[in-house]
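This briefing concerns one protein chain, shown below. The notes are grouped by topic for reading alongside the structure.

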Amino acid sequence: MYEKNPERKLFFTVKVIVSGHGGHSSVPYLSHNPILPALRLIQIISEKIVYEFDSFQNVAFYPTEFDSGTQQNIIPNDAFIKFIGECVSSNNKEEILKILETCAKSIEIMHHVKIEFEEII
């Protein structure tokens, strides 16, 4: 069971939408599947957080939701990710959001998708 760290006083939520070009799974070469870049975004951000912050800085940024629809044999147009962030200071939060922005730009180029994110208040 997850227990909140009492030193982390700043909590925030970020909604990410990865938009591709959907299609039928029998012809995946005609689409830009948003699921794979969305999963790659989760992986890269998780790695970057570990290596960019000292473990004593009490920073966490993790996915809590992932959705891309439930239709069979369909490559969706969009994938949705919700991240929760926890940190000690607003400087940490800004660093996390900068990491998200940098990773999103790289994945957009690599996978021909569009990634938008916004903080949910």
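At 25% relative accessibility, lysine 15 counts as partly exposed, the category between buried (under 20% relative accessible area) and exposed (over 50%), computed with a 1.4 Å probe on protein chains only. Lysine 15 forms a salt bridge with glutamate 118, their closest N and O atoms being 3.1 Å apart. The model is a predicted one, in which local features need pLDDT of at least 70 and side-chain atom pairs count only at pLDDT 80 or more, while totals for chains, interfaces and linings use all residues. Residues are numbered from 1 along each chain as its sequence is written, and side-chain values use heavy atoms, with hydrogens and water left out.

**Salt bridges**

- The structure holds 6 salt bridges, each defined as a side-chain nitrogen of Lys or Arg within 4 Å of a carboxyl oxygen of Asp or Glu.
- The pair of glutamate 118 in strand E6 and lysine 15 in strand E1 links distant parts of the chain, 103 residues apart; helices (H or I, at least four residues) and strands (E, at least two) are DSSP runs numbered from the N terminus.
- Glutamate 118 is partly exposed, at 43% relative accessibility.
- Glutamate 65 and lysine 82 also form a salt bridge (3.1 Å, N to O), which joins strand E3 to strand E5 across 17 residues.
- In helix H1, glutamate 52 and lysine 48 are 4 residues apart and therefore separated by about one helical turn; their side chains meet in a salt bridge (3.1 Å, N to O).

**Helix H2**

- The 22 residues of H2 (residues 90–111) should span 32 Å at 1.5 Å a residue, and the end C-alpha atoms are 31 Å apart, which agrees; the expected span is 1.5 Å times one less than the number of residues.
- Among the buried residues of H2 are Ile96, Leu100 and Ile107.
- Seen down the helix axis, the buried residues of H2 fall within an arc of 155 degrees, so they line one face; the arc is taken from the directions from the axis to the C-beta atoms.
- The face turned away from the buried side of H2 carries the exposed residues Asn91 and Ile109.

**Positive phi values**

- Histidine 112, in the loop between H2 and E6, has a positive phi near 55 degrees.
- Histidine 112 counts as exposed, at 57% relative accessibility.
- Asparagine 73 also has a positive phi, near 65 degrees, and is placed in the loop between E3 and strand E4 (74–75).
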